[in-house]
Amino acid sequence: MGNTRKLWLGLAALLIVSFGVLLWAGGEIFRAAPPVPERVVSESGQVIYTRADIEKGRQVWQSIGGMQLGSIWGHGGYVAPDWSADWLHREALGVLDIWARQEGAANFHALTPDKQGMLQARLQPMMRKNTYDPATGTITLDEDRVAAISNVAAHYESLFGNDPATASLREAYAMKNDTIPDADHRRALTAFFWWTAWAATTERGGAAGDTLAPSQPGVVDKRVTYTNNWPGEPLVGNTPPPSLWVWSAFSVLFLLAGIGLLGWHHARTHQEEHHTFPASDPLATLRVTPSMRATAKYFWVVLALFLVQILLGAITAHYQVEGQEAYGLALSEVLPYSITRTWHTQLAVLWIAVAWLGTGLYIAPALSGHEPKFQRLGVNFLFVCLLIIVVGSFAGQWLAVMQKLGLEHNFWFGHQGWEYADMGRFWQWFLFIGLLLWLTLVGRALWPVLRGPKSDTKSIVGLMFLSTVAIGLFFASALMWGEHTHISEVEYWRWWLVHLWVEGFFEVFAAAVMSLIFVRLGLIRAHTATVAVLFATVIFLAGGVLGTLHHLYFVGTPTAVVALGASFSALEVVPLAYIGFEAYHTYKLGKATPWMVRYKWPILFFIAVSFWNLVGAGLFGFLINPPLSLYYMQGLNLTPLHGHTALFGVYGMLGIALVLFSLRGLRGQMRWDTQALKVSFWSLNIGLALMALLTLLPLGTLQLLAAIEHGYWYARSADFMQKPIVDMLVWLRVPGDTVFAIGALALTWFVARLWIFPRRETVTGGVTETER
C-alpha cells in the first residue's frame, strides 16, 4: 500500500473517530448544562423572575450586541465588564453588606477581618447551594439574597438607561446613553444576567467534586459550579477545581510528547530531494479564462473590506480611552461601540474568506484548464450575493443595536449577539446558500481533473476539493441553534463555526492551494507535495477537531470534556513547533530559480504566515489554552493577543499571499511596484508586532495579575480599566495601528496601480519584474 493511500485511510479514520468523540462531547455538554428555571422565588413565595423574563432578557441582550458589549461567561468584548462576573460580585457583596448592617457596621468592608471571615463562611454555602427543584422547575432564594438581587437589578436598570447617576460608568464601559430605552426590557435583561451569575456560583449535581479523587472520611467533598468554578471570586469560594490543575499538567505532557514524536518522524523521513527546475515560469503563459478574469473584483472588495476593518478597529480601540466619543465627536450616538466592534470582528472573517473564495474560483480553472459553461455568470452572480449579504447584515445589525428593529425581528434580520456569528439568521442562510454556490462553481471547474485518469496531482486536487466541500457544508453549524436554544448548546455549535470552519478547513484549503501552486510552478514533485500536504492535514486535524473543546471549559462543561479539550488543544501546537522547517523550505523555493523573483512577495507573505503561526497560534495560543491558564485569562487582553496575531498573522497574511499569487496570473505581464509591496509587507508585520507587544501583552499581563490576586471581576472593572497605566497602554496602540494602516494602504495602492496605471513589461526568460 502506497504512502498516499495510507495517509488517505488515516485521514478518514481520524475524521470519523474525532467527530464521533466531538459529537459525544456535545451530548455531555447538553446534559450538564445549567437549567433555566420556570420560576425564581423567595422563601416567602414572592416571584422574582420567570423563565419568560430570562428568555426575554437574553433576546434584549442579543439585540444590543450581546457579546460585543462586555461578555457572558468570559466570551465577548473587553471594555465593559463580564456581566456574569460583575453581577456575581455585586450580589455577593450586597448580601455581605446587608449582614454587616445587621451587625451594626456601615458595610462589609467596615468590619474587622475576623468578622469578615465569619460572614464569608456563612455566605459561601448559601450562594453555592443548588436549590433548583427539577420537579417544579423552581429556584428558591434566601430573603437577604433576594434583597441584594433587587439592589443589583436597580443598578443595571440605571446603567442601561439614561440615569445621570451611572453616566460616568457608561462612559467607562463605552456604552451609549439609553442603550435600552424600554424599561421593561431593562428589567428583563437583569433576569438574564442574574441567571448567568447563578450558574457561575451554583454547584451542579452529580459526583462530588466532579473528580476521581478518593473520599476522605469526615470531610465533605468539594463540588464545582455549572461553570467549573469560573469566574475566580474569593467571596463565594470560586477557585480552580482540582481537575483544571491535573489536565493543565497533562496538556503540557501531551505537548512535549507530541513534539518528540513529530521530531522523530521528521528525522526518520526527511531527506533532500534533487529536482530540476523549469527554465522559465510555467504560469507566465497561463491562459486566463473569462471566469478567472471576473475574480479580480473579489480582490478589490477584499482590500476595501480590509481598509474599513482597520478604520473600525481604530475607532473601537479609541472608545476604550474616550468612552462615548472619538476625538471629541459624540460618535457613540451614531456608531456605538458594540456596532464598531461587531463590524470590526465580522469584517476580519469576511475579507479573509472573500480572499480565499476568490482564490478558489481563480485557481480551479487554472488547474484543470476547463472553463465550464456559464462559469463567469456564476462568479459574477456570487459576487453580487456577497455584496448584498454584507450590506444587508450590517444594516440589520445597526438597526438592532439602535433598538429600531424590535425583538420579534432581531434574530432573523438583526444582531444575534454571538461573537463571530452576529449576523441575523436570514443572512446566515443566504451566506450558506452562497457557499454552496461557490462549492458548485469550484467543483465543476475541477471536475475534469477529479474524474479523469489517475495523475500525480489528482490526490492533492481531491484534498483541495474536499476542503472546499467542508468549507461550504460546515458553515451549516451556524444554523444549528435557534432563538431560544440553551446558551451552552449555542456555544458548542458556535465554536464549530469559529474553530472548525475558520481555523480548520480553511487552513487545509490554503495548504492544498499553495502546494498546487508550487507543483504547477515546477518547484516540487507532485507526489512529494501530496504526501506532505496529507501528512500535515492529518497532524493538524489530529488536535484541531477535538481542540475545539478548549473554548468550552466554562459553559456548563463536565470534567471529561475539559480533559479532552486540554489534551487535544495541546496537540494543536505540536506541528507549529516545526514551522521553521516549513518557512525555510518555502524560502528555498523562492530562491530556487531566477524567475522566482516574480513571486518574491507572495513567498515572503507565506513565510510571514509561518512566523505568526509559531508566535500567534503557537506561543500565544498555548499561553491561554490549558484549563488553568484560561480560568484566569479568558476574556482578558491576552485573549485578543492570541486572536489578533493568529487571525491576521496567519489567515490574513495567507489571504494576502493567495491574492498576490492570483494577481500574478491576472496582471502578471504588468510591471509590479515592488516598492509598495515592500512597504506593505514590513508595515503590516511590524505594525502587528507593535500592537501585540506595546498594548495587548502588557495590558493582558496586568489584568492577569489583578484577576489572580483580587478576583476576575476586578480585572474587568472600571476601577482597573480606568487606571492611568491602562490608558497609557491603550494609547500605545497608536504607533502600531498607524504603521499597520500604512501597510494596508500600500497594498491597496499596489493593486490599484495594476488596473488604473498599468505598465506592460517585456517578458524575458519568464521574468517580468524589475526590482527597484
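Q: Is the crossing of α23 and α27 left-handed or right-handed?

A: A crossing is left-handed if the near helix is turned anticlockwise from the far one by less than a right angle, and right-handed if clockwise. In this predicted model, α23 and α27 cross in the left-handed sense.

Q: What should I know about the model before going on?

A: This is a predicted model, where local features need pLDDT of at least 70, side-chain atom pairs count only at pLDDT 80 or more, and totals for chains, interfaces and linings use all residues. Residues are numbered from 1 along each chain as its sequence is written, and side-chain values use heavy atoms, with hydrogens and water left out.

Q: At what angle do α23 and α27 pack?

A: Helices (H or I, at least four residues) and strands (E, at least two) are DSSP runs, numbered from the N terminus. Axes are lines fitted to C-alpha atoms, for helices over the stretch in contact, and angles run from 0 to 180 degrees between N-to-C directions. Helix α23 (residues 674-710) packs on helix α27 (residues 733-756) at about 155°, and their axes are 7 Å apart. That makes the two roughly antiparallel (under 35 degrees is roughly parallel, over 145 roughly antiparallel, 65 to 115 roughly perpendicular, the rest oblique).

Q: Which strands form the open sheet, and in what order?

A: Two strands pair if DSSP finds at least two bridges between them. Here 4 strands run in the order β2-β1-β6-β5, with mixed pairing. The edges are β2 (47-50) and β5 (132-133); each has a single partner strand, so one side of each lacks a neighbour in the sheet.

Q: In which sense do β1 and β6 pair?

A: Strand β1 (residues 39-42) and strand β6 (residues 138-141) pair in the parallel sense, over 4 bridges. Val41 has Thr140 of β6 as its bridge partner.

Q: Which helix lies across these strands?

A: Helix α7 (residues 183-201) lies across β1, β2, β5 and β6. Its direction is at about 90° to β2.

Q: Why does His644 count as partly exposed?

A: Buried means under 20% relative accessible area, exposed over 50%, partly exposed in between (1.4 Å probe, protein chains only). His644 has 26% relative accessibility, so it counts as partly exposed. This residue is in helix α22 (residues 638-666).

Q: What does His644 contact?

A: Contact means heavy atoms within 4.5 Å. Leaving aside neighbours within four places in sequence, the partners of His644 include His344, Leu688 and Arg733.

Q: Where is Leu436, and what does it touch?

A: Leu436 is in helix α14 (residues 425-451). Not counting residues up to four places away in sequence, Leu436 touches Gly472 and Leu473.
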